[in-house]
Amino acid sequence: MPETRPSALINTVYGAFVRRLGGWIPVSDLIALLAELDVGSQAVRSAISRLKKGGTLVQERRATGTGYRLSPAVGPVFDEGDRRIFGSLEPARLADGWVIAIFSVPESERAHRHQLRSRLSWLGFGNASPGVWLAPARLLPDAELMLRRLGLSDYVHLFTGEYAAFAELREAVSGWWDFPAIEHQYAEFADIHRPLAQRLGADPDPAAAFRAYVPMLTQWRRLPYLDPGLPTELLPADWNAVVARRVFAELHQLLAVPSLRYVEQVAGAPTGPAVENLAAVDQPPGTGRVRRGLPRPAPPRCSEQPHPPEIRTEQGVPAVMPPAMPHADLVPPADLVLRAAAVHTLVPGQAPQRALAVKGGRIAALAPDPAGLDDWIGLGTAVLDQPAATVLPAFDDTHTHLILAADSVHDVPVHRARDLAGFLKLIRLRAATTPPGEWIRTTINWQEFNLAERRLPTMAELDAAAAEHPVLVKRGAYNVVLNSAALRLTGLGPDTPDPAGGRIERAADGSLTGRLIGSAAARAEALLPRPDLVARIEDLHAASRAYAATGIGTVRDCMVPLADLPVLRAAREAGALAVRVRALVSAIGLNSVAQVQELLAGMESWQGADDDQLSVWGVKFGIDGGIEAGALEQPYAGRDCYCGSLNWEPEALVEAVDAVVRRGWRVGSHAWGDRGLRVLLDVYEEVLRRHPDLPAGTLVIEHGGLARPEQRTRAIELGLPVTVQHPLLHDAAGAQIREWGAERVADLFPLREWLDEGALLTAGSDFPVGPFGAMTSVWGMTTRQTLAGVQGPGHAITRPEAFALHTVNAARLTGESVTRGTLAPGRFADLTLWPADPLRCPDLELATLLPDLTLIGGRAVHDPHGLLASP
């Protein structure tokens, strides 16, 4: 957003108007002018006091009252700003060459080193390597003037020359200047101010012009210092500076003169000679030069001092224009400056930084020196010193189930039980406080194998715990056990056939046990009462905060019912989502193209309705089952005639996926067993044959659990990303060994091989089957530890690789690499602060490590210690 600090606005008023009206203005008039900008009198007086202490303003009493004028010492700085901001807006010519600044500062004078880096950066120099900075040659006079004025010239050598070899210059330049950060500021400026001209009309009211012009100029004046005006051939193809410059030039032409008239009205001074040519500014190519001349009335009365001389651009065009602020004010104040022991940006090749600045929800700057961003600190800046802490990007959980987590917030917390006695006791306690006849449901993030008895509760045990209530015990996403009261309500009986993709468990005598697997569970869950919208928003708030408390900033929810998309939207609009959400609409339980077409029709209104907080990513299919039903090439352990099940006929799934991609959506498909993955690869290969130009990342393998070497090769050749979830393996390993045997379970999630072979791999939790948590996942992927012991240690990866799966790779998967995944200027300020360095702490500490702070878009969504709480 535009700069709103009172001191910055006052600098603009002095530079744009008071300089042209003699340089002095009464305090009362300045307060009246700033009131038009919604700045209170006390804030104005405080800002004046700071500017006076800083040497910018000098108090002067006159017959008309007390006022302030600019200090003579800052006059050259404002003049220099005139030349920079209102001179030529055209890019430099490559043929004009470069100015190179080389400096070396002793460690004992490190403050000068910091000052040099800061000032060269302000001027628009790019950092080619430590102590070597360069810029277009036309900045040489500005650099000389600045270095002499600040007494830094003894430390610096300035050269001019041309680039000779060896790298591609355009590529090299992109590493010396932060193009995304500059483009972001240009885009922000254009987006905010472009509508002004139409809103104000061709002849704006002076007061309205002043209210629009001062914030616009205040925001603009720092941009020419960020952008050195590099030659066009070195800039990105869609460089947006031209648009922003045109917006500025047009608004300056429209607003500068009426704004000055308003200042004269308030200050009691008629238009003076300084108004002539006030609106002149060099224009971007193709717009011509715009100049507006006015008659010269009598000299102004608000000052007895002569007017400053007219300043001219390089082309000789008059440019008596609103100037820059003093250099100390050129760096915009940050919302937050964070200093830490290490800031791991995850930018390839970048060493850990020590300071990070956040402004407007994005990373504004980084520095290797803890004090390197002190110039970003303003009155409203929160400064967080954490000298022992470590900063990382917020993690993505690329396969999880936020909706299920929210739905389970108030359920019986059986995940805390360690045996069936404790499990059933929790249900009895809930029954004692629940009116008879009302449903009781359990949390879902637990595994029976991890109970002492290593089994599910029986229907009879549930009847004994809650005879007067229908009870639904749910484990994970696909397994339900009912008591007798709940089973009666479903209407299921011994003769009810198994639904497609599901199973109704029967005892040896054919009677129902109460257990429903896969799609069969939907019959019971459909009977559960749904909480109202307010309650659901509160539950999503609680669940999303729980994710954020573990360092997760974005979740890819892989099973969102179509009917729940409006609930997510309502939570987003209420500000209740503590994480970003990328939703996959569930096609689980569907088994025909007609059903999928109906689902797609319901999704139609969500096309293009995305924003940074909430977006619909695509559609989720399931080719096979999970722990008990994953499709294998060879039979299950001890079950010679059972190899799991496929939920779709391959030909039908091809048509279903084809229908989805034709509508412009992406597809994620669950594949757990090796046969399930083989069939899914056949399906995806056919879809890609039909659509050879399908964008990369449109088709995704979810899990790819038992991925054989030949299947990995096929997936990589087809360009298919894969999401993996070690927390799933951590909690479910024992149950899966019981079903598949130890050898196959040890081969689940071959991360080392996937990465070495070149796959785009991302990581998640698959909550509720496994626990969510940033470092819980990293610990598991690097140790292969599970509740059933270490599984397949040769598949382990390193901690940096594990970080990347949750950050850099995750952003690639969702198509958001330009905004998320690393900590770099212009990226969203999605970051986490850790009490220990997750890159180096012991394994046991890593397993339970939690962040002290999680920020999403610069907003604290997890701050248990009140680090950013207002004093």
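**Terms and their grounds**

Author: The model is a predicted one. Let us begin with a helix: among the elements that cover the buried residues of α19 are α13 (402-407), α18 (533-548), β18 (552-560), β19 (580-586) and β20 (614-622).

Reader: Which residues of helix α19 are the buried ones?

Author: In α19, which spans residues 565-573, they are Leu565, Val567, Leu568, Ala570 and Ala571. After the helix comes Gly575, with a positive phi near 70°.

Reader: Why is Thr345 called buried?

Author: The relative accessible area of Thr345 is 1%. Buried means under 20%, so Thr345, at 1%, is buried. Thr345 belongs to the loop between β8 and β9 (353-359). Beyond its neighbours within four places in sequence, Thr345 is in contact with Gln350, Gln353, Leu366, Pro393, Thr822 and Leu823.

Reader: What makes the approach of the Thr345 side chain to the backbone nitrogen of Val347 a polar contact?

Author: A polar atom of the Thr345 side chain lies 3.1 Å from that nitrogen of Val347. The cut-off for such a pair of N or O atoms is within 3.5 Å, and the distance of 3.1 Å therefore meets it.

Reader: How do you know that strands β8 and β11 pair?

Author: Two strands pair if at least two bridges are found between them. Strand β8 (residues 336-343) and strand β11 (residues 382-393) have 7 bridges, in the parallel sense, so they qualify.

Reader: What makes β12 and β24 edge strands?

Author: β12 (395-400) and β24 (761-763) each pair on one side only. They belong to an open sheet of 8 strands with parallel pairing, in the order β12-β18-β19-β20-β21-β22-β23-β24. On average, neighbouring strands of this sheet are turned by 25° against each other, direction ignored. Helix α27 (residues 774-783) packs on the sheet and touches β12, β18 and β24. The direction of α27 makes about 75° with that of β12.

Reader: Which residues touch the most other members of the largest nonpolar core?

Author: They are Phe621 and Val657, in a core of 104 residues. Beyond its neighbours within four places in sequence, Phe621 has contacts that include Ala587, Ile588, Trp648, Leu653, Val657 and His670. Apart from that core lies another, of 82 residues, including Val27, Val99, Trp220 and Leu251.

Notes. Residues are numbered from 1 along each chain as its sequence is written. This is a predicted model: local features need pLDDT of at least 70, side-chain atom pairs count only at pLDDT 80 or more; totals for chains, interfaces and linings use all residues. Side-chain values use heavy atoms; hydrogens and water are left out. Buried means under 20% relative accessible area, exposed over 50%, partly exposed in between (1.4 Å probe, protein chains only). Helices (H or I, at least four residues) and strands (E, at least two) are DSSP runs, numbered from the N terminus. Contact means heavy atoms within 4.5 Å. A nonpolar core is a set of buried Ala, Val, Leu, Ile, Met, Phe, Trp, Tyr and Cys residues joined through side-chain atoms within 4.5 Å. A polar contact is a pair of N or O atoms within 3.5 Å; within protein, one must be able to donate a hydrogen and the other to accept it, and residues adjacent in sequence count only if both atoms are side-chain atoms. Axes are lines fitted to C-alpha atoms, for helices over the stretch in contact, and angles run from 0 to 180 degrees between N-to-C directions.
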